[in-house]
Amino acid sequence: MAATTEFTSHKTDIPGLIWFDVTRIEDDRGWYQENFQKAKLVAAGLPASFNPVQNNISYNKMRGVIRGFHAEPWDKYISIISGKVFVSYVDLRAGESFGRTANLELDNSKAVFLPRGVGNSFQTLEGDTYYLYCVNDFWSSKLYDKYLFVNLADPDINTPWPFPLEQSVMSDRDKSHPFLKDIQPFRTDNG
């Protein structure tokens with residue numbers, strides 16, 4: 001019997017945010033991995049209702065590139081093709097877990113399920129990092145005002161970034177996002 005990829009889930013302090021250990025099969029040629037295998041992931045804890053409609057890749061040329069915090073009204077399955085990142089998540093949903101955080105290092109041996117309304121950010125720890133994410137809705141410029149953003153330097157979140165923000169490569173837009181105290185929490189009931 002041929003070896004196959006296995007997924008082992010781990011819960012976080014943020015409700016619904018799950019990370020997975022993902023095995024791979026290696027030999028002299030390199031390695032193979034079932035990066036997203038829905039039946040196995042559901043058996044390991046992925047919500048069965050997650051049905052991706054779009055797959056996105058973020059290529060990051062150098063170490064210290066940083067992106068986020070972004071929260072959209074869709075779920076994400078996040079993995080790394082090559083390289084390594086430090087990820088930080090903040091719950092932006094209305095309720096008792098609002099503002100709760102989780103941090104993790106990701107490489108191609110881990111994946112994350114991120115529920116809608118949880119802010120996502122990452123900082124590359126290596127150059128030539130390929131960050132892959134599947135989503136269950138389409139990005140839309142018409143809905144952009146429904147997306148939430150939080151400043152990466154927010155003192156209430158206090159993310160322990162591996163590289164100081166002033167030495168990181170980030171967009172002007174990410175530099176100007178509001179602080180957690182200034183946003184309206186994401187409402188999952190469309191209210």
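**Exercise 1.** Which residues does A94 touch, not counting residues up to four places away in sequence?

*Solution.* Start with the model itself. This is a predicted model, in which local features need pLDDT of at least 70 and side-chain atom pairs count only at pLDDT 80 or more, while totals for chains, interfaces and linings use all residues. Residues are numbered from 1 along each chain as its sequence is written, and side-chain values use heavy atoms, with hydrogens and water left out.

Step 1: contact means heavy atoms within 4.5 Å. Step 2: with residues up to four places away in sequence not counted, A94 touches P185, F186 and R187. Step 3: A94 and R187 are 93 residues apart in sequence, but their C-alpha atoms are 5.7 Å apart in space. Step 4: A94 sits in the loop between β8 and β9 (101-106); strands (E, at least two residues) and helices (H or I, at least four) are DSSP runs, numbered from the N terminus.

**Exercise 2.** Describe the surroundings of N136.

*Solution.* Step 1: N136 is placed in the loop between β12 (129-135) and β13 (148-149). Step 2: leaving aside neighbours within four places in sequence, N136 is in contact with F50, N51, P52, V53, W74, D75 and R116. Step 3: the C-alpha atoms of N136 and S49 are separated by 9.4 Å, although these residues are 87 residues apart along the chain.

**Exercise 3.** Which residues have the most contacts inside the largest nonpolar core?

*Solution.* Step 1: a nonpolar core is a set of buried Ala, Val, Leu, Ile, Met, Phe, Trp, Tyr and Cys residues joined through side-chain atoms within 4.5 Å. Step 2: the largest one has 18 residues, and F69, L92, V150, L152 and W161 have the most contacts inside it. Step 3: β6 (66-71) and β8 (85-91) each supply at least two residues of this core, and the largest share, 3 residues, comes from β6. Step 4: apart from this core lies another, of 16 residues, with I78, I80, Y89 and L104 among them. Step 5: return to L92, whose contacts, beyond four places in sequence, include A71, F98, V150 and F186.

**Exercise 4.** Find the backbone exceptions at F69, D128 and N158.

*Solution.* Step 1: most residues other than glycine have a negative phi, and most peptide bonds are trans. Step 2: the peptide bond from G68 to F69 is cis, with omega near -25°, and F69 lies in strand β6. Step 3: D128, in the loop between β11 (118-124) and β12, has a positive phi near 50°. Step 4: N158, in the loop between β13 and α2 (172-175), has a positive phi of about 55° and is not a glycine.

**Exercise 5.** Why does the radius of gyration agree with a compact globule?

*Solution.* Step 1: the radius is taken over C-alpha atoms, and the globule rule is 2.2 Å times the number of residues to the power 0.38. Step 2: for 191 residues the rule gives a value near 16 Å; the protein has 17 Å, so the two agree.

Terms used:
Buried means under 20% relative accessible area, exposed over 50%, partly exposed in between (1.4 Å probe, protein chains only).
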